[in-house]
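Visitor: Hi! Could you walk me through this structure, one question at a time?

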Amino acid sequence: MDVSAPFSPKEVSFLSALVDEHVEFLVVGLAAAALQGVPAVTQDVVLWFGDLNGRGFRRALARVGATYVPPGMTNPPLLVGAGTELFDIVVHMHGLGPFSDEVGRAVSAVVAGVPILLLPLDRIIVSKKATGRPKDLAILPALEDALRVQRRRTAPE
Amino acid sequence: MRDTELEASEIPLPDRIAALLREAEAICRAELAASFENVWHTLLLLEREPAERLNIGLTRGRFSTVQP
């Protein structure tokens with residue numbers, strides 16, 4: 001296994017199935033931040049789906065033998081099954097517009113050969129500020145400094 | 001080339017690292033609210049492929065008892 005690869009083969013299969021089935025999703029949170037160069041640590045990869053009721057989403061899960069557990073009284077929406085443990089899912093992001101708006105601002109990356117879309121740093125910052133949780137506020141300086149680097153590098157000379 | 005504290009040390013810096021150091025210093029001069037540590041580590045991570053960056057964040061996250 002490539003030690004520089006963040007995903008196991010099963011996790012890559014899951015992401016590939018989502019892409020193959022044309023499921024719209026964004027990588028959000030600190031995983032998206034880390035992919036864009038933020039020195040952040042995280043234990044999971046949060047995926048924001050536009051539509052969890054679509055056939056493509058169900059087909060992608062079936063391809064890897066995973067199951068979707070809808071949100072209940074105490075549990076958030078969950079993915080269960082090999083290759084999905086790393087991934088958390090959300091259907092709403094605090095402080096942001098609807099998925100259909102945010103996906104239009106997404107930045108692209110290729111990870112383990114899979115093309116994925118990321119929530120941009122400026123929108124991650126908005127969402128972290130909106131939640132107001134101490135752990136989200138604590139990472140703001142690193143996010144804002146990475147955005148400064150990004151903007152300086154992309155600014156016209 | 002402007003001398004920096006690191007460049008003035010006895011250990012010669014590879015050209016790329018020296019360039020990144022100058023870039024970090026320039027950003028921190030222009031952005032007074034910026035932390036050199038954050039800027040420096042961001043620049044170093046941007047030298048790597050996105051997958052490597054995520055792998056570093058996940059690996060350190062798995063072994064960290066305190067999450068941000």
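Visitor: Where does Thr42(B) lie?
Guide: Thr42(B) sits in helix 2 of chain B. Helices here are DSSP runs of H or I with at least four residues, strands are runs of E with at least two, and both are numbered from the N terminus.

Visitor: Before we go on, what sort of model is this?
Guide: This is a predicted model, where local features need pLDDT of at least 70, side-chain atom pairs count only at pLDDT 80 or more, and totals for chains, interfaces and linings use all residues. Residues are numbered from 1 along each chain as its sequence is written, chains are lettered from A and ligands numbered from 1 in the order in which they are written, and side-chain values use heavy atoms, with hydrogens and water left out.

Visitor: Back to Thr42(B): buried or exposed?
Guide: Thr42(B) counts as buried because its relative accessibility is 0%. Buried means under 20% relative accessible area, exposed over 50%, and partly exposed in between, using a 1.4 Å probe and protein chains only.

Visitor: Which residues does Thr42(B) touch?
Guide: Leaving out residues up to four places away in sequence, Thr42(B) touches Gly37(A), Pro39(A), Ala146(A) and Val149(A). Contact means heavy atoms within 4.5 Å.

Visitor: And how do helix 1 and helix 2 of chain B pack?
Guide: Helix 1 (residues 15–30) of chain B and helix 2 (residues 36–46) of chain B have axes 9 Å apart and pack at an angle of about 140 degrees. That makes the two helices of chain B, helix 1 and helix 2, oblique. Axes are lines fitted to C-alpha atoms, for helices over the stretch in contact, and angles run from 0 to 180 degrees between N-to-C directions. Under 35 degrees counts as roughly parallel, over 145 as roughly antiparallel, 65 to 115 as roughly perpendicular, and the rest as oblique.

Visitor: What residues make that contact?
Guide: From helix 1 of chain B they include Ile17(B), Leu20(B) and Leu21(B), and from helix 2 of chain B they include Phe36(B), Val39(B) and Trp40(B). The residues of this contact divide into eleven nonpolar, no polar and two charged. Ala, Val, Leu, Ile, Met, Phe, Trp, Tyr, Cys and Pro count as nonpolar, Asp, Glu, Lys and Arg as charged, and the others, Gly among them, as polar.

Visitor: Switching to chain A: how many helices and strands does it have?
Guide: Chain A has seven helices and seven strands. Along the sequence the pattern is α-β-α-β-α-β-β-β-α-β-β-α-α-α. Of its 157 residues, 48% count as buried.

Visitor: What about helix 5 and helix 7 of chain A, at what angle do they cross?
Guide: The axes of helix 5 (residues 121–131) and helix 7 (residues 140–154) of chain A cross at roughly 160 degrees and come within 9 Å. Helix 5 and helix 7 of chain A are therefore roughly antiparallel to each other. Among the residues that meet there are Ile124(A) and Lys128(A) in helix 5 of chain A, and Leu143(A) and Ala146(A) in helix 7 of chain A. That contact divides into seven nonpolar, one polar and five charged residues.

Visitor: Nice. What is phi of His22(A)?
Guide: Phi of His22(A) is near 60 degrees, a positive value in a residue other than glycine. His22(A) is in the loop between helix 1 (9–20) and strand 1 (25–28) of chain A, and is exposed, with a relative accessible area of 72%.

Visitor: And Ala112(A), where is that one found?
Guide: Ala112(A) is in the loop between strand 6 (107–111) and strand 7 (114–118) of chain A. Ala112(A) has a positive phi of about 55 degrees although it is not a glycine, and with a relative accessible area of 39% Ala112(A) is partly exposed.
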